[in-house]
Amino acid sequence: MASAQEISPFVVFDGPVEEAANSSVSVLPNSEITSVNSMWATIVANGTEILMFDGEVDLSWNKFIAGGREDNCGCLQEQVGRLLVVHPRRPRPLPR
């Protein structure tokens, strides 16, 4: 029986994530890009899924946090008191 991957590496890049994904698969053996958009990419290297995203999400975080505060577990509380988690939308798989 195949076991589920228990840990997914998560990497943040300062710049175009598609370039980072292409660079990564050119270096890592047995790797491929399984999904990509302007903010988010997923590659699989030797059977391990690696999630990547562009640090631009930090810009959204900083806008929401203005007048609010950071909270536990990657959440923030914006100025009007709502708790939020800011993350890019997971892309649809690329057509094969």
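Residues are numbered from 1 along each chain as its sequence is written, and side-chain values use heavy atoms, with hydrogens and water left out. Because the model is predicted, local features need pLDDT of at least 70 and side-chain atom pairs count only at pLDDT 80 or more, while totals for chains, interfaces and linings use all residues.

Strands here are DSSP runs of E with at least two residues, helices are DSSP runs of H or I with at least four, and both are numbered from the N terminus; two strands pair if DSSP finds at least two bridges between them.

Going through the pairs, strand 1 and strand 4 run parallel and are joined by four bridges, with Val11 partnered by Met52 of strand 4. Strand 4 also pairs with strand 3, in the antiparallel sense and over six bridges; here Ile43 has Ile50 as its bridge partner. Two residues lie between the strands of this hairpin, in which Asn46 takes a positive phi near 50°. Strand 3 (residues 40–45) in turn runs antiparallel to strand 2, through five bridges, and Glu32 stands opposite Val44.

Contact means heavy atoms within 4.5 Å. Which residues of helix 1 are buried? They are Val17, Ala20, Ala21 and Ser24, where buried means under 20% relative accessible area, exposed over 50% and partly exposed in between (1.4 Å probe, protein chains only). These residues cover an arc of only 100° around the axis, so they lie on the same side of helix 1; the arc is that of the directions from the helix axis to the C-beta atoms. Glu19 and Ser26, on the other side, are exposed.

Strand 4 is largely enclosed by the rest of the structure, because five of its seven residues are buried. The largest nonpolar core has eight residues: Val17, Ala21, Val36, Ala41, Ile43, Ala45, Ile50 and Met52. Such a core is a set of buried Ala, Val, Leu, Ile, Met, Phe, Trp, Tyr and Cys residues joined through side-chain atoms within 4.5 Å. Strand 3 gives the largest share, three residues. Leaving aside neighbours within four places in sequence, Met52 has contacts that include Val11, Phe13, Val17, Ala20 and Trp40.

A further open sheet has three strands in the order 5-6-7, with antiparallel pairing. Strand 5 (69–70) and strand 7 (83–84) stand at its edges with a single partner strand each, so one side of each is left without a neighbour in the sheet. Two bridges join strand 5 to strand 6 (residues 76–77), and Arg69 has Gln77 as its bridge partner.
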